[in-house]
Amino acid sequence: MYRTAFTPYSRLFYEYKESEKKNDMQVLQYHDCYEIYLMTAGERYLFFNGTCHILKPGDLFLVCPFEMHYTQSLDSPFYGRHLLNFSEKHLEPLLTPAERSLLTDKLHSCMIHLTPEQYQEARIYF
């Protein structure tokens, strides 16, 4: 069984990572913010809510605050991904309180298989 870790994020966090070697998370993690995970290369296992998903290039995964998740390498260790963590407070300059509430009430953790066109558009923003 994996150790569980809470990671608080007070600031907006962005990271692009490419790995040429097997790279598994050491803990089952959760955090106090939203996470957008966009695969750009290779494949990864994503464990979420008792289900194993295979992330491939063009897959986007949204994780809501306090949802436990874990990723690990597949047989092919190479992968690339963008990761963005943000909290509701980061939406304050962009949306009114009513708009933020409407948005966050509708957001649920999910995986989206982007079309090639959607993937290219998403890459513009990362």
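Is N49 buried or exposed? N49 is exposed, with a relative accessible area of 58%; exposed stands for over 50% relative accessible area, buried for under 20%, and partly exposed for values in between (1.4 Å probe, protein chains only).

## Basis of the model

This is a predicted model, in which local features need pLDDT of at least 70 and side-chain atom pairs count only at pLDDT 80 or more, while totals for chains, interfaces and linings use all residues. Residues are numbered from 1 along each chain as its sequence is written, and side-chain values use heavy atoms, with hydrogens and water left out.

## Two loop residues with positive phi

N49 sits in the loop that links β5 (44-48) and β6 (51-55). Strands are DSSP runs of E with at least two residues, and helices are runs of H or I with at least four, numbered from the N terminus. The phi of N49 is near 50 degrees, which is positive although the residue is not glycine.

F66 is another such case, with a positive phi of about 70 degrees in a residue that is not a glycine. F66 belongs to the loop between β7 and β8 (69-73) and is exposed, at a relative accessible area of 53%. As background, most residues other than glycine have a negative phi.

## Strand β7

Why is strand β7 described as largely enclosed by the rest of the structure? Strand β7 covers residues 59-63, and five of the five are buried, so the strand is largely enclosed. Burial applies to both of its faces: D59, F61 and V63 lie on one side, and L60 and L62 on the other.

Strand β7 pairs with two strands, β4 and β10, where pairing requires at least two DSSP bridges between the strands. With β4 (residues 34-42) the sense is antiparallel and there are four bridges; here L38 stands opposite L60 of β7. With β10 (residues 110-113) there are also four bridges, and the strands again run antiparallel. On that side, L62 has C110 of β10 as its bridge partner.

## R81 in strand β9

R81 is part of strand β9 (residues 79-86). R81 is buried, with a relative accessible area of 8%. Its side chain makes a polar contact with the side chain of E15 at 2.8 Å. A polar contact is a pair of N or O atoms within 3.5 Å; within protein, one must be able to donate a hydrogen and the other to accept it, and residues adjacent in sequence count only if both atoms are side-chain atoms.

Which residues is R81 in contact with, leaving aside its neighbours within four places in sequence? They are E15, Y16, K17, Y37, L38, M39 and T40, with contact taken as heavy atoms within 4.5 Å.
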